[in-house]
Amino acid sequence: MLGTGAADGWPNAWCPEPCCTSLVDAGILRTNTSALVDRVLLIDPGSEAPSQAMRSNISLAGVKYVLASHLHPDHLDASFLMHRSWVNPEPLTVVGPKPVIEECQQWTRDGNVRFVTVTAGQDLVLGPYRVRALPATHEAHGEALLYAIAGPDATILWGTDTGPWEPRAKPMLAGTRFDLVLLEETFGDKHDHTDVHHDLTSFATAVSQLREWGCADGRTDVVAIHLSHHNPSPEMLYLRLRDVGARAVPDGTPILAGGVRSALTLDA
Ligand SMILES: [Zn+2]
Ligand SMILES: [Zn+2]
């Protein structure tokens, strides 16, 4: 996980309350949610993604595929395409819903970048990864997507940003068991929000639905992402998530999904 925070990060830099000031004092920072899979597949390249990778001592030079969920700036800052075009002529495939691709196309004329527009329900193959675009319950100047990703070693569900499962998602998810579920839990104990994000209660419901549908079982690693300052203190949040069989991790945490590889062989 490159980043695990909500759009405003946690702490929110403008918040005067202890939920944020205590973390500022402790130097604990969650930045915009994004992930790098096997160092070749970058998911949700928000404006902070390149710096997140640098702070984790990880180069993005080997990235071959980019998946973007929706147009909000914490999930897509397309200027990365310009920055990359100055230094890296290797082929890159960028996948996203129509508004994402239209935004990206304004940032590069690099012929080595291939753009793929997807919509909910569509499947595609990216090298060793099979990807299914799923409908998100979100509002994002056009379509917002979630992604089911089946790689050589593990299956991953990318579940941000979204509220309760969109009705069309269930049949699209059914039959896939995930090794790793990365599901947003933006609002913690704040419940007076619109249904385009999760709080702790709706997160628990969404996870239990995945279990009912056979998409998650006892071996599935369920990780709450896109966390904001509306959540309980970090220590309390970890306990609350443990109650529903989930966890949260700090920014920059490596997650070994599927259990096939040994961490010792990753750089071999
Ligand atoms: Zn977001
Ligand atoms: Zn969003």
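**Tyrosine 147.** I began with tyrosine 147 and listed its contacts beyond four places in sequence: Leu67, Val131, Ala133, Leu134 and Trp158. I note that the model is predicted. I then looked up the largest nonpolar core, which has 70 residues. Tyr147 is among those with the most contacts inside this core, together with Ile156, Val181 and Leu182. For background I noted that nonpolar side chains tend to be buried together in soluble globular proteins.

I traced an open sheet of six strands, in the order 6-7-8-9-10-11, with mixed pairing. Its edges are strand 6 (123–126) and strand 11 (221–225), each of which pairs on one side only.

**Strands 8 and 9.** I looked at strand 8 (residues 145–150) and strand 9 (residues 155–159), which pair in the antiparallel sense over four bridges. I found isoleucine 156, in strand 9, as the bridge partner of isoleucine 149.

**Valine 66.** I located valine 66 in strand 3 (residues 65–67). Is valine 66 buried or exposed? I call valine 66 buried because 27 other C-beta atoms lie within 10 Å, and the cut-off is 20 or more. Leaving out residues up to four places away in sequence, I found that valine 66 touches Leu42, Pro45, Leu92, Val94 and Val95. Lastly I took the C-alpha separation of valine 66 and threonine 205: 30 Å, for residues 139 apart along the chain.

Key: Residues numbered from 1 in each chain as written. Chains lettered and ligands numbered in written order. Predicted model: local features only at pLDDT ≥ 70, side-chain atom pairs only at ≥ 80, totals over all residues. Helix = DSSP H or I, 4+ residues; strand = E, 2+ residues; numbered from the N terminus. Buried ≥ 20, exposed ≤ 12 C-beta atoms within 10 Å, placed from the backbone. Contact = placed C-beta atoms within 7 Å. Core = buried A, V, L, I, M, F, W, Y, C linked by C-beta atoms within 7 Å. Pairing = 2+ DSSP bridges.
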